Amino acid sequence: MAPANSSVMKRKIHKRVSFDNRRVQLLEFKEEFGHCNVPLRYGANPTLGRWCSNMRSAHKIKQRENKQGTSSGLSKHHIEQLEAMGFKWKGVDHDLGFDKRCHEIEVFKSKFGHCNVPKNYSDNPSLGGWCNDIKVAYKKLQNGDKSARRISPSRIDQLADIGFEWPQQRR
């Protein structure tokens, strides 16, 4: 006769196998792309991106629960396995993206002698749009308004150090 909790044991084993299968898929993704930041809608394996998002959500819940003294379904062992692979709990590294944009502005400046990237800059249209968005966010910040894009004082300083041109406040 099987123990009363055998179905619970099977589910736990199934979850572990499922985690292990996803971990292998994530390792394959990392081998191909050099990172573990699977897009949410990754065409080659759509469920892998969703799983990564779910792992980040479970980790966030676990962080809150640990402060309250409760526990989550995401084990410490799984967290350690993901971290050992280079999995980032915050998803996209926004600092890298910001640094990349700063570098692109510096390249623009070396070519044109200023940092006033036009909104419709044909050599790099996304840089022109990004610069415009940053200026709009800065202007809203100066006026005390809310903006969809947040910009920290340290990033404002970093851009100012490059020579980025900020919109002037109206008096």
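Helices here are DSSP runs (H or I, at least four residues), numbered from the N terminus. This is a predicted model, where local features need pLDDT of at least 70, side-chain atom pairs count only at pLDDT 80 or more, and totals for chains, interfaces and linings use all residues. Residues are numbered from 1 along each chain as its sequence is written, and side-chain values use heavy atoms, leaving out hydrogens and water.

**Along α5**
- Just after α5, Gly-144 adopts a positive phi of about 80°.

**The nonpolar cores**
- A nonpolar core is a set of buried Ala, Val, Leu, Ile, Met, Phe, Trp, Tyr and Cys residues joined through side-chain atoms within 4.5 Å.
- In the largest one, of 19 residues, the members touching the most others are Ile-105, Trp-130, Leu-159 and Trp-166.
- Helices α4 (94-112), α5 (125-142) and α6 (153-162) each contribute at least two residues to this core, and α5 gives the most, with 6.
- Beyond neighbours within four places in sequence, Ile-105 is in contact (heavy atoms within 4.5 Å) with residues including Cys-115, Leu-127 and Phe-164.
- A second, separate core of 17 residues includes Cys-36, Tyr-42, Ala-58 and Phe-87.

**A buried glutamine**
- Gln-81 lies in helix α3 (residues 76-85) and counts as buried because its relative accessibility is 18%.
- Leaving out residues up to four places away in sequence, Gln-81 touches Phe-19, Asp-20 and Arg-23.

Technical notes: Buried means under 20% relative accessible area, exposed over 50%, partly exposed in between (1.4 Å probe, protein chains only).
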